[in-house]
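Here are some notes to read alongside the model.

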Amino acid sequence: QVQLVESGGGLVQPGGSLRLSCAASGSIFSRNEMAWYRQAPGKEREFVAVITSSGNTNYADDVKGRFTISRGNAKNTVYLQMNSLKPEDTAIYYCNDKTWSPGNVFYNYWGQGTQVTVSS
């Protein structure tokens with residue numbers, strides 16, 4: 001089991017910045033992908049950004065150039081630096097961990113989410 005705890009959400013004005021953190025604990029395997037998703041009211045959960053265990057990253061088109069995903073030195077923490085925030089970025093942001101055991105068993109974990117509100 002892996003537990004994911006997000007932090008760093010809050011209220012910010014348009015054009016502002018926030019940094020989200022996700023701390024993973026438990027049975028953490030070396031092969032994993034950690035990602036951020038978000039869900040706005042009345043909408044489905046959508047992909048935001050991902051970082052692999054080798055450091056490769058990928059972003060949704062509407063956050064490219066504004067958001068940056070990174071890992072902490074201990075590799076069990078992932079960050080999402082969000083700059084130039086827009087009202088349409090308002091959502092609950094969820095941390096996700098997709099991981100494979102040494103026996104290649106797949107696990108998929110979610111955090112509880114953190115609210116990000118962009119409003120003047």
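1. Start with Thr-114, which is found in strand β11 (residues 114–118). Strands here are DSSP runs of E with at least two residues, helices are runs of H or I with at least four, and both are numbered from the N terminus. Thr-114 counts as buried, because its relative accessibility is 11%; buried means under 20% relative accessible area, exposed over 50%, and partly exposed in between, with a 1.4 Å probe and protein chains only.

2. Before going further, a word on what you are looking at. This is a predicted model, where local features need pLDDT of at least 70 and side-chain atom pairs count only at pLDDT 80 or more, while totals for chains, interfaces and linings use all residues. Residues are numbered from 1 along each chain as its sequence is written, and side-chain values use heavy atoms, with hydrogens and water left out.

3. What does the side chain of Thr-114 reach? It is the backbone nitrogen of Gly-9, at 3.3 Å. That is a polar contact: a pair of N or O atoms within 3.5 Å, where within protein one must be able to donate a hydrogen and the other to accept it, and residues adjacent in sequence count only if both atoms are side-chain atoms. Leaving aside neighbours within four places in sequence, the residues in contact with Thr-114 (heavy atoms within 4.5 Å) include Glu-6, Ser-7, Leu-20 and Tyr-93.

4. Now look at Arg-38, in strand β4 (residues 31–39). Is Arg-38 buried or exposed? Arg-38 is buried, because its relative accessible area is 4%.

5. Leaving aside neighbours within four places in sequence, Arg-38 is in contact with residues including Glu-46, Val-48, Asp-62, Phe-67 and Ala-91. Val-48 is 10 residues from Arg-38 along the chain, and their C-alpha atoms are separated by 6.7 Å.

6. Arg-66 is another arginine to check, this time in the loop between β6 (57–59) and β7 (67–71). Arg-66 counts as buried because its relative accessibility is 11%. Its side chain reaches the backbone oxygen of Asp-62 at 2.8 Å. Not counting residues up to four places away in sequence, Arg-66 touches several others, among them Gln-81, Asn-83, Leu-85 and Asp-89.

7. Two further arginines sit over rings. A charge sits over a ring if NZ of Lys or CZ of Arg is within 6 Å of the ring centre and within 35 degrees of the ring normal. Arg-19 lies over the face of Tyr-79, 3.9 Å from the ring centre, and the charged end of Arg-45 sits over the ring of Tyr-94, 3.7 Å from its centre.

8. On to ring pairs. Rings of Phe, Tyr and Trp (its six-membered ring) pair if their centres lie within 6.5 Å; planes under 30 degrees apart count as stacked, over 60 as edge-to-face and the rest as tilted. By this rule the count comes to four aromatic pairs. Tyr-37 and Trp-110 form an edge-to-face pair, 5.0 Å centre to centre with 65 degrees between the planes. That pair links distant parts of the chain, with Tyr-37 in strand β4 and Trp-110 in strand β10 (residues 106–110), 73 residues apart. Tyr-37 counts as buried at 17% relative accessibility, whereas Trp-110 is partly exposed at 35%.

9. Tyr-107 and Tyr-109 form a stacked pair, 6.1 Å centre to centre with 5 degrees between the planes. Tyr-107 is partly exposed, with a relative accessible area of 32%, and Tyr-109 is buried at 11%. Ring pairs also link Tyr-37, Phe-47 and Trp-110 into a cluster.

10. Six bridges join β1 to strand β3 (residues 18–26), and the two run antiparallel. Ser-25 in β3 is the bridge partner of Gln-3.

11. Finally, the whole chain. It has zero helices and 11 strands, and buried residues make up 44% of its 120 residues. The C-alpha trace spans about 50 × 25 × 20 Å along its principal axes.

Key
Pairing = 2+ DSSP bridges.
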